[in-house]
Amino acid sequence: MSVTSVATGSWLLRGHDDRLSVYALVEGGVHRWTETAVGSARFSGPDFFPVQGLTCLAVAQGANRYAHFIGRRERSGGDGPKADLVYAVQYQTGRTLGDWRSLGNPFRDPREAASLGAPAAAVDGQGTVHVFVSGGPGGVMLRREARSGAWEAWKDLRGGAVAGGLSAAANSVGLVELLAPGHRSVMHWVQTEPGADLRRAQDLTPAPAPGSAALLETAPGVFTAYWSEQSGTGVYAQRPGEWAFPAGGAPGEGTHATLRATVDGYDCTVLAHKGRTGTAVLGMCGTGAESGGLWWTDTGLACVGTPALALDGHGRVVMAMVAADGAVLVNRQRPEPGLTLSDWSRLPSS
């Protein structure tokens, strides 16, 4: 069974036992592959978890390494398709997912409800899941768990019309941030203390390509934002209190996978995206040194959606991508100087 869509968020995750898992959306549900041993080049699976009608899937992980899944679902109804969000959680590596539960739709008007966008999610330091979605009249809606485990009502974060997907993450302090590409800027929301409401921060410019924004913690409690510039001049990066600066590259559609890794003893930032020619591209620089440009390497392999990045249980960079034929490919850092990847391995399809 071929992959039909790439999940957003971190769809390559390291669990509590340090084994990696790969998640992908397929017809009728979700596929999962799991490392057979820590740092192994072998994956078992795919395990299939049925859920009908998913059109997109977001994956998020908290400090306890639980994997949270939020999907946009469409079901047929008497007066047309009905859209809602559904949620499930996996507590341990390789174990089954919990039951899928509906989180509803924040929009009541049928036309606005049908425009429900792709969700994004982040888990704060208290383990609270934050689910964000756009659509309807514009802006961003938030729903999150209460401390009791129940889900709070939807809250309107407002903002302007969203162009493409949202990006959310929690930093090591446990505070959540959200980016939403607009037509003229990247809208930005921040959480200033644990459990607090998110507040609107200053927008980021220049104008972004739709759905291209991403976050990476590059200092304790500090996120760097990355996005593709709308007119095609490449990737931009910005940290709080600084101007945005170009980081090079020729990204195509979609967002950026982000990762911090130690390479040859240096703290490095690693990005991956689908390039302008449709192939998967990897970039690297010293963390905090994006203004000097990134070193970009084109894999030469066409990909569907955004690749994924993670560190395995031995601290090596692992990259996953969905090939043009729907197969999932995985690559791993070689034990030699620099960020050199090994040969691609194809995960089993059934």
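A: Here's a walk through the core, then the cysteines.

This is a predicted model, where local features need pLDDT of at least 70 and side-chain atom pairs count only at pLDDT 80 or more, while totals for chains, interfaces and linings use all residues. Residues are numbered from 1 along each chain as its sequence is written, and side-chain values use heavy atoms, with hydrogens and water left out.

A nonpolar core here is a set of buried Ala, Val, Leu, Ile, Met, Phe, Trp, Tyr and Cys residues joined through side-chain atoms within 4.5 Å; buried means under 20% relative accessible area, with a 1.4 Å probe and protein chains only. The largest such core has 33 residues, and Trp-11, Leu-12, Val-22, Trp-33 and Leu-57 touch the most other members. Zoom in on Val-22: leaving out residues up to four places away in sequence, its contacts (heavy atoms within 4.5 Å) include Trp-11, Trp-33, Phe-43, Val-328 and Leu-347. Apart from the 33-residue core lies another, of 19 residues, with Cys-268 and Met-321 among them.

Now the cysteines. There are zero disulfides, a disulfide being a pair of cysteine sulfur atoms within 2.5 Å. Cys-56 is buried at 14% relative accessible area, and Cys-303 is buried too, at 5%.

Key:
Buried < 20%, exposed > 50% of the residue type's maximum accessible area, 1.4 Å probe, protein only.
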